[in-house]
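Please examine the sequence and the structure shown below before reading on.

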Amino acid sequence: YTILSKVHSDRNVYPSAGVLFVHVLEREYFKGEFPPYPKPGEISNDPITFNTNLMGYPDRPGWLRYIQRTPYSDGVLYGSPTVENVGKPTIIEITAYNRRTFETARHNLVINIMSAEDFPLPYQAEFFVRNMNVEEMLASEVLGDFLGAVKNVWQPERLNAINITSALDRGGRVPLPINDMKEGVYVMVGADVPFSSCLREVENPQNQLRCSQEMEPVITCDKKFRTQFHIDWCKISLVDNTKQVSTFQEVIRGEGILPDGGEYKPPSDTLKSRDYYSDFLITLAVPSAIALVLFLILAYIMCCRREGVEKRNMQTPDIQLVHHSAIQKSTKELRDMSKNREIAWPLSTLPVFHPVTGEIVPPLHTESYDNTSMPLMQTQQ
């Protein structure tokens, strides 16, 4: 039931509601719409990008997505049509841009959504494949291998791919460009039989505990996917539509008469004047008065309560002042005397004999040398 179609101008396609729809925009087809390559004999490999939008609108319908990884790869339209769009033809304008010549080519794709009696299937499971990008999973052979693995562990009579969503559209982060990391893909499939015991193993308390501790759960059928697909079993979602309780509530309509609330009194057209004097006192006058009082108190403490030298001397006993003055005077005299005192010459300044000639070498100082600045030790030459 998955529809894979090649792009053609003004082509009609007929997808079914609730079934995955994939439409490939091939670059090779649009190369014929542009002028030939300027150099004869060389193969044209122009970068081509696509723009898709609903006719008359700037964007696509909500159920339809588009992806093209690089200008040298094909574009893909994919999504799952809804029941609300059944019977309404959807015209998608496809515009191809040649990034070398800046020329464009436009084609129309008419999507006629058909209703399916056996869809949507009641039992739906959504898998998160960690080692795939969305365009890789949309390839027919890869998607066929995945559905084959799911059918092997589920054993349904009818199995169908309902929708494919990139992890980036679910709030995931862009992977680092190392070790060929993938962004991840959510794949929803539907079947007509209840879930198998293998799929139910995720709901075990032991596996739920391991998932809460960010550990891999123990799934017996994981080896059937592991060869090609790395499934994150902690993110699997199982939905049983047969047990869904309808939340629709019947609307009870009244008589259409509002209760009597008295006569309506509209507000007056004239506005009353408001006195802002009290607001002024509260916001400006009171804080200013408090700040002025604090300023006066601080000024009194700093200026009028200072204790100078005279007041200190008046409060000190005379005998203590005399002793303090005598100590200062004696200290000054000792310092003056130490500057003019004679010091003994150190032994290193006495005459010595030259080690080679044997002559007497005079001391380093001269008669006019300032002996007050003579160091205690002199180096010999």
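Which residues form one aromatic cluster? The cluster consists of F127, F146, F225, F229 and W233. The model discussed here is predicted, and the values that follow are computed from it.

**Aromatic pairs**

A search of the whole structure finds 12 aromatic pairs. One of them joins F21 and W63 in an edge-to-face arrangement, with 6.4 Å from centre to centre and 65° between the planes. F21 belongs to strand 3 (residues 21-25), whereas W63 lies in the loop between strand 4 (48-54) and strand 5 (64-67), so this contact ties together parts that are 42 residues apart in sequence. F21 is buried, with a relative accessible area of 0%. W63 also counts as buried, at 10% relative accessibility, because the limit for a buried residue is under 20%.

A further pair is made by F225 and W233, whose ring centres are 5.8 Å apart; their planes stand at 75°, so this pair is edge-to-face. Both residues are members of the cluster named above. F225 is buried at a relative accessible area of 0%, and W233 counts as buried at 1%.

**Helix 7**

Helix 7 covers residues 277-304, a run of 28 residues. From its first C-alpha to its last, helix 7 reaches 38 Å, close to the 40 Å expected at 1.5 Å a residue. The helix bends by about 35° at A285, and a proline, P287, follows within four residues.

Where do the edges of the four-stranded sheet lie? The sheet is open, has the strand order 2-8-7-4 and shows mixed pairing. Strand 2 (11-13) and strand 4 stand at its edges; each has a single partner strand, so one side of each is left without a neighbour in the sheet. From one strand to the next, the twist averages 25°.

Strand 2 runs parallel to strand 8 (residues 104-111), and three bridges join the two. Within this part of the sheet, N12 stands opposite V110 in strand 8.

Key: Residues numbered from 1 in each chain as written. Predicted model: local features only at pLDDT ≥ 70, side-chain atom pairs only at ≥ 80, totals over all residues. Heavy atoms only, no water. Phe/Tyr/Trp six-rings, centres within 6.5 Å; stacked < 30°, edge-to-face > 60°. Buried < 20%, exposed > 50% of the residue type's maximum accessible area, 1.4 Å probe, protein only. Expected span 1.5 Å × (residues − 1). Bend = angle between axes of the 7 residues up to and from the residue. Pairing = 2+ DSSP bridges. Axes fitted to C-alpha atoms, helices over the stretch in contact; angles between N-to-C directions.
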